[in-house]
Amino acid sequence: MTDIQKNLEQVNKSLKKGVQLVAVSKTKPNELLQQAYDAGQRVFGENKVQELVSKYESLAKDIQWHFIGHLQTNKVKFIVPFVQLIHAVDSIKLLKQINKEAEKHNKIQEVLLQVHIAQESTKFGFSYEELTTLLESNQLGDYPNIQVRGLMSMATNSSDEALVANEFSRLNDFFQNYKSDSFNILSIGMSNDYHLAMDHGSTMVRVGSTIFGARNYN
Ligand SMILES: *Cc1c(COP(=O)(O)O)cnc(C)c1O
């Protein structure tokens, strides 16, 4: 077993029941993704369009690719043909563009809405107020080729566990209000905080460096 395969096994063992693992492979070469694939991992997350397309073209076709980064509207067309889930939809403009491309491909594109919960102003996402309006209006009906499967978020990058727990907990309360058979994914938790996220309702964790090792760049 390689180090990556051992790490993957450890992470899988620590997952709560029903929580799906997205192996975040950004910046990592295909050989390392292949090791995770050979150990059974099928869901991979990437945050750069070009890198995702290149990996999609090189690796096995039964991989489920998740786009987890900030997506520019002019790049939507490159990933919609094959991507399984787009995690970080943060504007109506982006919803509109995804819907348009999905329609061209005769596809219902699954997405998550990104929620801004962190203290850093640099993180993208809808505010709770904006989301409430969006989810309680008929607005999503304007996008028949999109299925909103749930919410995605990133907590404040902090060692203050109480702060992070609070952010996750409030988000989970909000999520539970809208949860349904199809709106049932809460994508929270990364290497540093996925245990905490699972304690607060996470159904999908995005784990990178704990599996693949530290990255040199983001
Ligand atoms: C890089 C990244 C991750 C994984 O981060 P790690 O700390 O390496 O686990 C998760 N989610 C998003 C949106 C990311 O960009």
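**Loops, cores, a helix and a ligand**

Me: Asn106 lies in which loop?
Reply: This is a predicted model, in which local features need pLDDT of at least 70, side-chain atom pairs count only at pLDDT 80 or more, and totals for chains, interfaces and linings use all residues. Residues are numbered from 1 along each chain as its sequence is written, and side-chain values use heavy atoms, with hydrogens and water left out. Helices (H or I, at least four residues) and strands (E, at least two) are DSSP runs numbered from the N terminus. On that basis, Asn106 lies in the loop between α5 (92-104) and β5.

Me: What is the phi of Asn106?
Reply: Most residues other than glycine have a negative phi. Asn106 is not a glycine, yet its phi is positive, near 55°.

Me: Is Asn106 buried or exposed?
Reply: Buried means under 20% relative accessible area, exposed over 50%, and partly exposed in between (1.4 Å probe, protein chains only). The relative accessible area of Asn106 is 74%, so Asn106 counts as exposed.

Me: Is Thr27 buried or exposed?
Reply: Thr27 sits in the loop between β1 (20-24) and α2 (30-38). Thr27 has a positive phi of about 70° without being a glycine. Its relative accessible area is 17%, so Thr27 is buried.

Me: Which residues have the most contacts inside the largest nonpolar core?
Reply: A nonpolar core is a set of buried Ala, Val, Leu, Ile, Met, Phe, Trp, Tyr and Cys residues joined through side-chain atoms within 4.5 Å. The largest one here has 61 residues. Helix α7 (residues 161-178) supplies its largest share, 6 residues. The residues with the most contacts inside this core are Ile79, Leu113 and Leu151.

Me: Which residues does Ile79 touch, not counting residues up to four places away in sequence?
Reply: Contact means heavy atoms within 4.5 Å. With residues up to four places away in sequence left out, Ile79 touches Val49, Leu52, Val53, Phe67, Leu71 and Ile86.

Me: How far apart are the end C-alpha atoms of α7?
Reply: The expected span of a helix is 1.5 Å times one less than its number of residues. For the 18 residues of α7 that should give 26 Å. The model agrees, since the end C-alpha atoms are apart by 26 Å.

Me: What covers the buried residues of α7?
Reply: Buried residues of α7 include Leu163, Phe168, Leu171 and Phe175. The elements that cover the buried residues include β5 (109-116), α6 (128-136), β6 (146-154), β7 (185-187) and α8 (194-199).

Me: Which residue caps the N-terminal end of α7?
Reply: A polar contact is a pair of N or O atoms within 3.5 Å; within protein, one must be able to donate a hydrogen and the other to accept it, and residues adjacent in sequence count only if both atoms are side-chain atoms. At this helix end, the backbone nitrogen of Ala162 lies 3.2 Å from a side-chain oxygen of the capping residue, Asp160.

Me: How much of the accessible area of the ligand does the protein cover?
Reply: Oxygen atoms of the ligand lie 2.8 Å from a polar backbone atom of Gly208 and 2.7 Å from a polar side-chain atom of Arg215. Accessible areas come from the Shrake-Rupley method with a 1.4 Å probe; for residues, only the protein chains shown count as cover. Of the 390 Å² that the ligand has on its own, the protein covers 91%.

Me: Is Ser191 buried or exposed?
Reply: Ser191 is placed in the loop between β7 and α8. An N or O atom of the Ser191 side chain is 2.5 Å from an oxygen atom of the ligand, and a polar contact of 3.4 Å joins the side chains of Ser191 and Ser209. At 18% relative accessibility, Ser191 counts as buried.

Me: Which residues does Gln5 touch, not counting residues up to four places away in sequence?
Reply: Gln5, in helix α1 (residues 3-14), has a relative accessible area of 15% and is therefore buried. Gln5 and Asp38, 33 residues apart in sequence, are 8.5 Å apart from C-alpha to C-alpha. Not counting residues up to four places away in sequence, Gln5 touches Gln35, Asp38 and Ala39.
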